[in-house]
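This briefing concerns the model shown below.

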Amino acid sequence: MVALIERNVLDDLKAQLLSEQKRLQDLLSKTHLHLHRSEPVPADFAEQAIETENDQVVEALDQEAQIELSQINKALLRIEKDTYGACVVCGDRINLKRLQAIPHTPFCFTCASEK
Ligand SMILES: [Zn+2]
């Protein structure tokens, strides 16, 4: 299968996805600690003042992060399978600028705006 995206551009996008994946995993480990407070909240987390937020805010953050993380994991899977950069709905190439703005998007602009 012909690569949809140049290797060096793909490497950049993959690096972006991996750092975002790590950020979200860190965030989720903290939101989980907050939501299941049998263990103490880490000091650096407390410093972010999120400890003082109410649980609903943390829960919303947690849910959002989980959704985004799963989209990122799927995007990384598509990179492994060489299908990354193709819209999962219509199969068209996703505009590169769009991918650079939202590396985890599975949709081309047209399909995303029909949602
Ligand atoms: Zn599409």
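Where does aspartate 82 lie? Aspartate 82 is in the loop between α3 and α4. The model is a predicted one, and its chain contains five helices and zero strands.

**Overall fold and confidence**

- Read from the N terminus, the elements of the chain follow the order α-α-α-α-α.
- The mean pLDDT of the chain is 87, and 83% of the residues score at least 70.
- Confidence is lowest in helix α2 (residues 43-47), where the mean is 60, and highest in helix α4 (residues 96-101), where the mean is 96.
- Of the 115 residues in the chain, 12% are buried.

- Helix α1 comprises 29 residues, and the distance from its first C-alpha to its last is 41 Å. This is close to the 42 Å expected at 1.5 Å a residue.

**Packing of α1 against α3**

- Two packed helices are described by the angle between their axes and by the distance between those axes.
- For α1 (residues 7-35) and α3 (residues 55-80), the angle is about 150° and the axes are 9 Å apart. Because angles over 145 degrees count as roughly antiparallel, α1 is roughly antiparallel to α3.
- The crossing of these two helices, α1 and α3, is left-handed.
- The contact of α1 with α3 involves 14 nonpolar, five polar and six charged residues.

**Residues of α1**

- Which residues of α1 are buried? They are Leu24, Lys30, Thr31 and His34.
- Glutamine 16 belongs to helix α1. It is partly exposed, because 16 other C-beta atoms lie within 10 Å, a count between the limit of 12 or fewer for exposed and 20 or more for buried.
- The C-alpha atom of glutamine 16 is separated by 9.4 Å from that of histidine 104, although the two residues are 88 residues apart along the chain.
- Glutamine 21 is likewise located in helix α1, and its 17 C-beta neighbours inside 10 Å make it partly exposed.
- Between the C-alpha atoms of glutamine 21 and leucine 69 the separation is 6.1 Å, with the residues 48 residues apart along the chain.
- Serine 29 is placed in helix α1. Is serine 29 buried or exposed? Serine 29 counts as exposed, because it has 12 C-beta neighbours inside 10 Å.
- Serine 29 and aspartate 62 are 33 residues apart along the chain, and their C-alpha atoms are separated by 9.2 Å.

**Backbone at aspartate 82**

- Most residues other than glycine have a negative phi.
- Aspartate 82 is not a glycine, yet its phi is positive, at about 60°.
- Aspartate 82 is partly exposed, because it has 14 C-beta neighbours inside 10 Å.

Conventions. Residues are numbered from 1 along each chain as its sequence is written. This is a predicted model: local features need pLDDT of at least 70, side-chain atom pairs count only at pLDDT 80 or more; totals for chains, interfaces and linings use all residues. Axes are lines fitted to C-alpha atoms, for helices over the stretch in contact, and angles run from 0 to 180 degrees between N-to-C directions. Helices (H or I, at least four residues) and strands (E, at least two) are DSSP runs, numbered from the N terminus. Angles under 35 degrees count as roughly parallel, over 145 as roughly antiparallel, 65 to 115 as roughly perpendicular and the rest as oblique. A crossing is left-handed if the near helix is turned anticlockwise from the far one by less than a right angle, and right-handed if clockwise. Ala, Val, Leu, Ile, Met, Phe, Trp, Tyr, Cys and Pro count as nonpolar, Asp, Glu, Lys and Arg as charged, and the others, Gly among them, as polar. pLDDT is the predictor's confidence in each residue, from 0 to 100. The expected span of a helix is 1.5 Å times one less than its number of residues.
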